[in-house]
Amino acid sequence: MLNKIIEITNKHLLLLLGGVFLLRIIYLFNNGLDLIGDESYYWDWSRRPDWCYYSKPPMVAWLIGVFTRLGGDWTAIVRLPAVILGTVFLIYFYFTARDFYNPKAAAIALLLILAMPFNVLANLIMTIDPALYCFWMISLYFLGKALFDKNLLAWVWAGLASGAALLSKQSALLLPLMVFVFILIDKDQHSQLKRGFLLYLAPIMLCMVPLVIWNLQHDWVMLDHSKGHFASKESIPYTVQLTNSAVFVLYQLLLATPVIFVLILLMSVNACFKFTRLNPREQFLMLTGPILLLAILMLSLLQKVQGNWPVSCYFSALILLAGRWVQVNWQKWLKIGMLIGYLMVALTYALPVAIQVFNLHNSVVDPTFRFRHWRELAGSIQTEREKIQAASEQTFILALGHRFLASQLAFYLPDHPRTFRYEASGRVLSQYEVWPGPTAYIGKNSFIISEQSEAEVASEIKSAFQTFKEVAVIANPMNKNSSYHLFIGENMKFWPPKSKQE
């Protein structure tokens with residue numbers, strides 16, 4: 001049965017990929033899920049194109065900006081690049097696996113990755129990840145051509161793809177690092193250091209230049225943010241760290257499915273012990289996938305690690321697993337893994353509908369809370385705005401709280417207003433503190449939204465206006481034990497300076 005499916009996959013590859021693309025497009029325009037905070041945050045970046053931003057390179061903002069300028073500021077349009085990037089990813093993933101092994105292994109690898117829930121999320125949520133995954137995969141394809149087919153031009157294409165990956169996420173720098181390590185390990189590749197590898201590095205370095213210049217102009221905020229992932233300001237009890245590590249592993253079991261994840265781990269550990277006996281292609285796959293995955297798993301024992309960090313490591317690991325399946329015949333467990341995976345994928349697609357049908361909103365079995373209620377909240381706030389004469393023209397929007405409050409209101413309020421955020425600590429904690437404050441609105445009124453009562457609002461904000469008063473309290477649809485307080489600040493006298501910098 002499986003051999004028949006593999007044969008059909010290879011014979012009707014374009015039909016399969018076209019069907020997957022169509023399914024995802026239909027789901028994209030009909031799932032009813034609001035943008036999560038990161039998506040609206042990056043959308044707000046896209047309204048002000050730049051060479052870099054507070055926490056990430058610019059690719060996600062550029063892509064969202066192109067699509068929304070062509071299709072409008074709609075939830076599905078913001079997410080449309082993720083579906084397209086995901087389809088391109090699958091094409092290059094298949095052909096990379098075919099080049100490294102054969103068509104049978106390529107079909108197995110494709111069937112495996114389609115059975116992993118992270119592939120659903122990466123084609124629905126438009127964050128930095130879809131672009132990183134796509135360009136990372138394109139890089140692997142051309143690196144295979146460059147290293148093993150001795151195609152000199154492929155080095156340039158690989159460099160351009162890796163440069164685009166770097167413009168998507170800083171972790172893409174791991175690719176040239178592992179390529180360099182591979183060239184050092186494989187004596188037959190040493191000659192590539194003098195020409196091919198330099199051709200590969202040139203586009204990457206070119207893409208790095210605007211990132212460095214922007215950060216130089218903005219006090220290295222992206223570097224400081226990145227360092228924050230690895231520098232803990234206080235010691236954490238090891239029992240807590242072990243719990244965090246266990247949660248991270250649980251996250252991988254859900255993203256990659258339990259059986260496939262365990263098989264990848266077993267294969268990775270086994271291949272590490274036999275590394276010198278692997279052929280060069282498999283050594284390359286090990287360096288760009290399983291070894292990085294194992295390193296991240298070990299890092300999780302020392303500090304908190306984000307669940308999506310190792311996803312790009314799965315690509316080479318799955319190709320290696322598929323190739324070794326053909327060689328060592330691990331068919332039984334991989335068949336079970338695929339079956340469980342497709343059940344989990346189906347559940348992932350069906351979950352929003354099931355929660356709606358069975359009225360499970362905000363219950364313990366509802367993981368979609370991050371995708372809900374922002375549109376509802378913005379509607380309630382808009383009702384209060386409309387009660388204030390000419391509010392949309394005479395006031396600006398100021399959010400006191402998390403950056404997601406500012407970005408979600410900017411997206412879901414009907415006029416997509418420019419929103420501002422005040423950080424009471426005086427620190428730069430988001431792109432809103434990198435951008436200039438609302439100094440152009442001196443003398444204007446502000447419509448202010450906060451989860452704090454008037455007594456709790458920072459005195460710097462209240463003193464910045466001639467008068468400051470509460471105008472409404474509305475329910476927080478995401479937290480029944482909290483409310484949003486709406487204020488009007490009249491005649492802004494000044495924008496509070498950053499007086500509490502660390």
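**Helix packing and the mixed sheet in a predicted model**

With a relative accessibility of 0%, Pro58 counts as buried (under 20% relative accessible area, where exposed means over 50% and partly exposed lies in between, for a 1.4 Å probe and protein chains only). The structure is a predicted model, in which local features need pLDDT of at least 70 and side-chain atom pairs count only at pLDDT 80 or more, whereas totals for chains, interfaces and linings use all residues. Residues are numbered from 1 along each chain as its sequence is written, and side-chain values use heavy atoms, with hydrogens and water left out.

Pro58 is located in the loop between helix 3 (37-46) and helix 4 (59-71); helices (H or I, at least four residues) and strands (E, at least two) are DSSP runs numbered from the N terminus. Leaving aside residues up to four places away in sequence, Pro58 touches Asp50, Trp51, Cys52, Tyr53, Leu167 and Leu211, contact meaning heavy atoms within 4.5 Å. Between the C-alpha atoms of Pro58 and Tyr349, which are 291 residues apart along the chain, the separation is 29 Å. Ser430 belongs to the loop between strand 2 and helix 22 (431-434) and, not counting residues up to four places away in sequence, touches Tyr41, Tyr54, Arg403 and Arg421.

Helix 5 (residues 75-100) and helix 8 (residues 129-148) pack at an angle of about 25°, their axes being 8 Å apart. Helix 5 is therefore roughly parallel to helix 8 (angles under 35 degrees count as roughly parallel, over 145 as roughly antiparallel, 65 to 115 as roughly perpendicular and the rest as oblique). Axes are lines fitted to C-alpha atoms, for helices over the stretch in contact, and angles run from 0 to 180 degrees between N-to-C directions. The crossing of helix 5 past helix 8 is left-handed, a term used if the near helix is turned anticlockwise from the far one by less than a right angle, with right-handed used if clockwise. On the helix 5 side, the residues in contact include Leu85, Phe89, Tyr92, Phe93 and Asp99, and those on helix 8 include Tyr133, Met137, Tyr141, Lys145 and Phe148. By class, the contact of helix 5 with helix 8 comprises 18 nonpolar, two polar and two charged residues; Ala, Val, Leu, Ile, Met, Phe, Trp, Tyr, Cys and Pro count as nonpolar, Asp, Glu, Lys and Arg as charged, and the others, Gly among them, as polar.

Helix 8 also packs against helix 10 (residues 174-185), at an angle of about 20° and with the axes 12 Å apart. These two helices, helix 8 and helix 10, are therefore roughly parallel to each other, and helix 8 passes helix 10 in a right-handed crossing. Trp136, Ser139, Leu140, Leu143, Leu147 and Phe148 of helix 8 meet Leu174, Leu175, Val179, Phe182 and Ile183 of helix 10. The contact of helix 8 with helix 10 has ten nonpolar residues, one polar residue and no charged residues. In the loop between helix 8 and helix 9 (152-166) is Lys150, which has a positive phi of about 55° although it is not a glycine.

An open sheet is formed by five strands in the order 2-1-3-5-4, with mixed pairing; two strands pair if DSSP finds at least two bridges between them. Strand 2 (419-421) and strand 4 (465-475) are the edge strands, each pairing on one side only. From one strand to the next, the twist averages 25°. Strand 3 (residues 445-450) and strand 5 (residues 483-492) run antiparallel and are joined by five bridges. Within strand 5, Ile488 is the bridge partner of Phe447, and Leu486 stands opposite Ile449. Helix 19 (residues 374-387) packs on the sheet, touching strand 1 (395-400), strand 3, strand 4 and strand 5, and its direction makes about 130° with that of strand 4. Helix 21 (residues 403-412) likewise packs on the sheet, touching strand 1, strand 2, strand 3 and strand 5; the direction of helix 21 makes about 175° with that of strand 2.

Strand 1 and strand 3 run parallel and are joined by six bridges, with Asn445 in strand 3 as the bridge partner of Thr395. Five of the six residues of strand 3 are buried, so strand 3 is largely enclosed by the rest of the structure. In strand 5 lies Asn491, a residue other than glycine with a positive phi near 55°. Asn491 is partly exposed, at a relative accessible area of 27%.
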